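Biologist: Can you walk me through how the helices pack in this one? Here is the model.

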Amino acid sequence: MSKMTLPMISSLLLDGRLNKGLRESEVASFLGVSVATLREFESAERTPTLSQVKKLAGLYQLNMETVVKALHFDSAETLLRDVPIKER
């Protein structure tokens, strides 16, 4: 399977926000970033940190395997290892 690119993860994040009906300002506040930074994540101009991706995946209820593949990680365990088991 081919690896996803930054535009793919950006699309995943934008689609996740839109599917949940959230405003940019709500998500930016949740992440503790500016709306401009969130727009950069969603337009592939900037890469979110691993911590930010974890938060967004949880907020958007994204499939973690899809997110992991988009970020070029080898397994979901790499991304989830510091998430308490009860939250998985």
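Biologist: At what angle do the axes of H2 and H3 cross?
Modeller: Roughly 100 degrees, and the axes come within 9 Å. Axes are lines fitted to C-alpha atoms, for helices over the stretch in contact, with angles from 0 to 180 degrees between N-to-C directions. H2 and H3 are therefore roughly perpendicular to each other (65 to 115 degrees). This is a predicted model, where local features need pLDDT of at least 70, side-chain atom pairs count only at pLDDT 80 or more, and totals for chains, interfaces and linings use all residues. Residues are numbered from 1 along each chain as its sequence is written, and side-chain values use heavy atoms, leaving out hydrogens and water.

Biologist: Which residues meet there?
Modeller: From H2, Glu-24, Ser-25, Val-27, Ala-28 and Leu-31; from H3, Val-35, Leu-38, Arg-39, Phe-41 and Glu-42. Contact means heavy atoms within 4.5 Å.

Biologist: OK, and H2 with H4, what angle do they pack at?
Modeller: About 130 degrees, with the axes of H2 (residues 24–31) and H4 (residues 50–60) 10 Å apart. That makes H2 oblique to H4 (oblique is what remains after under 35 degrees for roughly parallel, over 145 for roughly antiparallel and 65 to 115 for roughly perpendicular).

Biologist: Who makes that contact?
Modeller: Val-27, Phe-30 and Leu-31 of H2, with Gln-52, Lys-55, Leu-56, Leu-59 and Tyr-60 of H4.

Biologist: Switching topic: how many residues are in the largest nonpolar core?
Modeller: 15, and Leu-62 and Val-67 have the most contacts inside it. Such a core is a set of buried Ala, Val, Leu, Ile, Met, Phe, Trp, Tyr and Cys residues joined through side-chain atoms within 4.5 Å, buried being under 20% relative accessible area with a 1.4 Å probe, protein chains only.

Biologist: Which helix gives the largest share?
Modeller: H4, with four residues.

Key
Helix = DSSP H or I, 4+ residues; strand = E, 2+ residues; numbered from the N terminus. Buried < 20%, exposed > 50% of the residue type's maximum accessible area, 1.4 Å probe, protein only.
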